[in-house]
Amino acid sequence: QVQLVESGGGLVQPGGSLRLSCAASGLTFSRYQMSWYRQAPGKERELVATISSGGSSTNYADSVKGRFAISRDNAKNTVYLQMNSLKPEDTAVYYCNALKDWSNNYWGKGTLLTVSS
């Protein structure tokens with residue numbers, strides 16, 4: 001049984017920082033591309049950041065480039081999202097995604113980040 005469990009969300013003030021974690025189990029973690037998506041109230045889910053299976057390649061949405069950093073620790077089966085200089089528009093439910101191919105595509109249940117003063 002594949003499980004992705006996000007953690008680390010919460011309430012932070014604008015300009016603050018937070019790190020999200022996603023712990024994976026039930027899969028060969030090192031074979032999967034990992035991504036963070038988010039969904040803000042009233043909006044569609046959007047891709048935030050992606051990291052390749054070996055961690056050598058990353059990409060980011062323009063809205064978070066320079067502020068967020070995705071990383072992974074394959075020994076711990078965990079992917080992270082370091083979020084700095086947070087803005088109210090970053091408020092969303094953040095989802096972890098693991099993708100190997102069309103038949104191996106998994107999602108976590110999400111963790112809520114609220115950025116507000």
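Mentor: Start with pairing: two strands pair if DSSP finds at least two bridges between them. Strands (E, at least two residues) and helices (H or I, at least four) are DSSP runs, numbered from the N terminus. This is a predicted model, where local features need pLDDT of at least 70, side-chain atom pairs count only at pLDDT 80 or more, and totals for chains, interfaces and linings use all residues. Residues are numbered from 1 along each chain as its sequence is written, and side-chain values use heavy atoms, with hydrogens and water left out.

Trainee: OK. How many bridges join E3 and E8, and in which sense do they pair?

Mentor: They pair in the antiparallel sense, over 6 bridges. Take cysteine 22: its bridge partner in E8 is valine 79.

Trainee: What sheet do they belong to, and in what order do its strands come?

Mentor: An open sheet of 4 strands, in the order E1-E3-E8-E7, with antiparallel pairing. Strand E1 (3-7) and E7 are at the edges, each with a single partner strand, so one side of each has no neighbour in the sheet. From one strand to the next, the twist averages 15°. That angle is taken between N-to-C directions, from 0 to 180 degrees, with axes as lines fitted to C-alpha atoms (for helices, over the stretch in contact).

Trainee: And how many bridges hold E1 to E3?

Mentor: 5 bridges, again in the antiparallel sense. Glutamine 3 stands opposite serine 25 in E3.

Trainee: Switching topic. How many residues are in the largest nonpolar core?

Mentor: 29 residues. A nonpolar core is a set of buried Ala, Val, Leu, Ile, Met, Phe, Trp, Tyr and Cys residues joined through side-chain atoms within 4.5 Å. Buried means under 20% relative accessible area, exposed means over 50%, and partly exposed is in between (1.4 Å probe, protein chains only). Met34, Trp36, Val79, Leu81, Met83 and Tyr94 have the most contacts inside the core.

Trainee: Which strands supply it with at least two residues each?

Mentor: E3 (18-25), E4 (33-39), E5 (46-51), E7 (68-73), E8 (78-83), E9 (92-101) and E11 (111-115). In soluble globular proteins, nonpolar side chains tend to be buried together.

Trainee: What is valine 79 in contact with?

Mentor: Contact means heavy atoms within 4.5 Å. Leaving aside neighbours within four places in sequence, valine 79 has contacts including Leu20, Cys22, Phe29, Met34, Trp36, Ile51, Ile70 and Cys96.

Trainee: Is serine 21 buried or exposed?

Mentor: Buried, at 16% relative accessibility. Serine 21 is in strand E3. Beyond four places in sequence, it touches Val5, Glu6, Ser7, Trp36, Thr78, Val79 and Tyr80.

Trainee: And where is tyrosine 80?

Mentor: In strand E8. Tyrosine 80 is buried too, with a relative accessible area of 12%. Not counting residues up to four places away, its contacts include Arg19, Ser21, Trp36, Ala69 and Asp73. Its C-alpha is 9.3 Å from that of cysteine 96, 16 residues away in sequence.

Trainee: What about charges? How many salt bridges are there?

Mentor: The whole structure has 4. A salt bridge is a side-chain nitrogen of Lys or Arg within 4 Å of a carboxyl oxygen of Asp or Glu. Glutamate 46 forms one with arginine 38, the closest N and O atoms being 2.7 Å apart. Glutamate 46 is partly exposed at 34%, while arginine 38 is buried at 5%.

Trainee: Which others should I look at?

Mentor: Aspartate 62 and lysine 65 meet at 3.2 Å, N to O. Both of those are exposed. Then arginine 67 forms a salt bridge with aspartate 90, with 2.8 Å between the closest N and O atoms. Arginine 67 lies in the loop between strand E6 (58-60) and E7, and aspartate 90 in the loop between E8 and E9, so the pair ties together parts 23 residues apart in sequence. Arginine 67 and aspartate 90 are buried. Salt bridges with shared partners join Arg38, Glu46, Arg67 and Asp90 into one network.

Trainee: Last one. Where does asparagine 77 lie?

Mentor: In the loop between E7 and E8. Asparagine 77 is partly exposed, at 24% relative accessible area. Leaving aside neighbours within four places, it is in contact with Cys22, Ala23, Ala24 and Phe29.
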